[in-house]
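Q: I'm new to reading protein models. Can you walk me through this one?

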Amino acid sequence: MMTNASQPLKGFALILVTISLSLATFMQMLDSTISNVAIPTISGFLGASTDEGTWVITSFGVANAISIPITGRLAQRFGERRLFLSSVSLFALASLCCGMSDSLGTLIFCRVIQGLVAGPLIPLSQSLLMRNYPPEKRNLALALWSMTVIIAPIFGPIIGGYICDNYHWSWIFLINVPIGILVVFLTAFMLKGRETPTEPVKINYIALSLLVIGVGSLQIMLDKGKDLDWFNSTTIIVLAAIAVIGIITLIIWEATNDNPIIDLSLFRSRNFSIGVLCIACSYLIYAGAIVLMPQLLQTVYEYTSVSAGLAYAPVGIMPLLIAPLIGRYGNNIDMRILVTFSFIMYAVCFYWRAITFNLGLDFTWMVIPQFLQGFAVACFFLPLTTISLSGLAPEKFAAATSLSNFFRTLSGSIGTTITMTLWSRRESFHHAQLTESITPFNPQSVGLFSKLQGMGFSQQQIAAYINDQITQQSLLMSANDIFYMSAHIFLVLTLLVWFAKPPFKSASVG
């Protein structure tokens, strides 16, 4: 028989809980991208180089990646509600300390703390929503939650750029404080007396140490690989070796230990394995595009950081309209059909960019594929999350969502790194090819030289102008290569999702 604490919420209380938990997700996801455009501003203000300033991003990512997988065990030990409230409170406090930092070292230290306490926010907000919604409305809960995951990373660079242009950089972090206070107040009040069962779980410190060493080394390697020229750097080679040894040892230890810190038994569920694999592979491309598109618009098309963000923002329009409908009526649709439609739409949009993007492209044609991609995004997070959680008991939700979000976060880092490395290397390849055509035997290049000389350009100015044009074209051609590759990967993923097995409904509570 259900107790009052385990019964689903209804009416206005359910609305307030949904708003509160979604705000926590929005705050954490926003913070993962809002500082990206502010690094030059922060570095200059604190008297550091831009390379040193990137540790503001790296430190948060490393700490966050480490803390996400242990959320399930911590929730068993302390309770989901109590752990969530503690995480939000400490996140707001760490954000306040970040905003008050007067040196780069202090800021990086505060960002590490912020990343560590942020780990439980997304998986627990997801798990608490699932627990407090009626089983037949959980798809709606996931739809409302997924909108925050989609929109926050898109608006992060826009808000960050606007703050840097008009206010002090510290507001990038201080903006979290009032949001955190509101979330704590609403969650503590609306979920009072609804704590999840706890048990005296012992923390496996050997597994935790291996997790810190393996995942921390991998995250630092991914963040710093491009700057250090990858495996031409001794530092990257050492980090890669430590990461491989640490992660393999962790998997062996966890698979044979009676008290694992990561519940690997979840992968015995076919749907969880397929769902997580699809989320990881697709988010790898999605996260890479989130970073590539604004940089492409700023570097090649000379957009400002705010206007580049606005050009990318239409991708969030359709999810706002469609996700609630999918959540409401999704039980009547095979989730694999929605995911297939999503992946095909992703492929179409990436092909569109690869074919149409040129140096003369205007704002309207830049925005149209972004708008259409919103259909793909709307049918992406919710169905895959539903597939991965289908058949799991409620007590597995926290562990499952934390593990799923860990792979999503890690794949996002890998995707960003691969995308930016490919963009740089393909640019060098195309630059070398285009430069070979600038010879005295090419009538077009001879004509361009003559035209520029007639306009009063010196030889040095002509060389600089042509090199700049070649660089712009090379960057665009490199981006188009990535768009083509991304489209092909999404088409392959449409086959993978059909290995999942219906029905796609989570176990009922009680």
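Q: What radius of gyration would a compact globule with 510 residues have, and what does the chain have?
A: The radius of gyration is taken over C-alpha atoms, and the globule rule is 2.2 Å times the number of residues to the power 0.38. With 510 residues the rule gives a value near 24 Å, and the chain has 24 Å, which agrees. Before we go on: this is a predicted model, where local features need pLDDT of at least 70, side-chain atom pairs count only at pLDDT 80 or more, and totals for chains, interfaces and linings use all residues. Residues are numbered from 1 along each chain as its sequence is written, and side-chain values use heavy atoms, leaving out hydrogens and water.

Q: How many helices and strands does the chain have?
A: Both are DSSP runs numbered from the N terminus: helices are H or I with at least four residues, strands are E with at least two. Here you get 22 helices and 0 strands.

Q: What share of the residues is buried?
A: Buried means under 20% relative accessible area, with a 1.4 Å probe and protein chains only. In this chain, 55% of the 510 residues are buried.

Q: Why does serine 217 count as buried?
A: Its relative accessibility is 10%, so serine 217 counts as buried. You'll find serine 217 in helix H12, which covers residues 205-224.

Q: Which residues is serine 217 in contact with, leaving aside its neighbours within four places in sequence?
A: Contact means heavy atoms within 4.5 Å. With those neighbours set aside, serine 217 is in contact with Val212, Leu239, Ile242 and Ala243.

Note on methods. Buried means under 20% relative accessible area, exposed over 50%, partly exposed in between (1.4 Å probe, protein chains only).
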